[in-house]
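The sequence and the structure are shown first.

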Amino acid sequence: MAANGCVSITQPSPLGEGRYLITLNARGGFSGDGDLLSRSVTKANEFCRSIDGEAEIIEMTSSGVQMWTPQNNRVIFHCKKI
């Protein structure tokens, strides 16, 4: 895994209708968008597993340029019962 710089990721926040939001902000690192989105999706899966489900991603967005500007992503998901 590449050097990360400063990365902060939120706990899942309910949006209503069974949907949740996770946001991530990264500054000063060498991680690409794929790695950062993967972290957010992993967090969503961990949350859903804690309530006996699995994450189903509804929407993913990212912004920023690696090593130039802060990178941000947003993952909206719901937990599907397994």
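Strand β5 makes the greatest contribution to the lining of the largest cavity, supplying 3 residues. The model is a predicted one. Both α1 (33-50) and β5 (71-81) provide at least two residues of this lining. The residues that line the largest cavity are L24, D33, L36, S62, Q71, N72 and N73. Sorted by class, the lining comprises 2 nonpolar, 4 polar and 1 charged residues.

A search of the whole structure returns 1 cavity of 30 Å³ or more. The space within the largest cavity amounts to about 30 Å³.

The structure contains 1 disulfide. It is formed by C48 and C79, whose sulfur atoms lie 2.0 Å apart. This pair connects distant parts of the chain, with C48 in helix α1 and C79 in strand β5, 31 residues apart. The torsion about the S-S bond of C48 and C79 is about -80°, and the disulfide is therefore left-handed.

The two cysteines fall into separate accessibility classes. C48 has a relative accessibility of 0% and therefore counts as buried, the cut-off being under 20%. C79 has a relative accessible area of 21% and is therefore partly exposed.

## Aromatic pairs

A pair of aromatic rings is described by the distance of the centres and the angle of the planes. The structure holds 3 aromatic pairs. One of them joins F47 and F77 in an edge-to-face arrangement, at 6.2 Å centre to centre and with 75° between the planes. This pair also links distant parts of the chain: F47 belongs to helix α1 and F77 to strand β5, 30 residues apart.

F47 counts as partly exposed because its relative accessibility is 22%. F77 counts as buried because its relative accessibility is 0%. Ring pairs join Y20, F47 and F77 into a cluster.

S31 is located in the loop between β3 (19-27) and α1. Its relative accessibility of 4% is under 20%, so S31 counts as buried.

Notes
Residues numbered from 1 in each chain as written. Predicted model: local features only at pLDDT ≥ 70, side-chain atom pairs only at ≥ 80, totals over all residues. Heavy atoms only, no water. 1 Å grid on protein atoms, 1.4 Å probe; cavity = no way out; pocket = protein on both sides within 12 Å on 5 of 7 lines; lining within 4 Å. Points joined across faces, edges and corners; volume = space filled by probe spheres on them. Helix = DSSP H or I, 4+ residues; strand = E, 2+ residues; numbered from the N terminus. Nonpolar A, V, L, I, M, F, W, Y, C, P; charged D, E, K, R; others polar. Disulfide = S-S within 2.5 Å. Buried < 20%, exposed > 50% of the residue type's maximum accessible area, 1.4 Å probe, protein only. Phe/Tyr/Trp six-rings, centres within 6.5 Å; stacked < 30°, edge-to-face > 60°.
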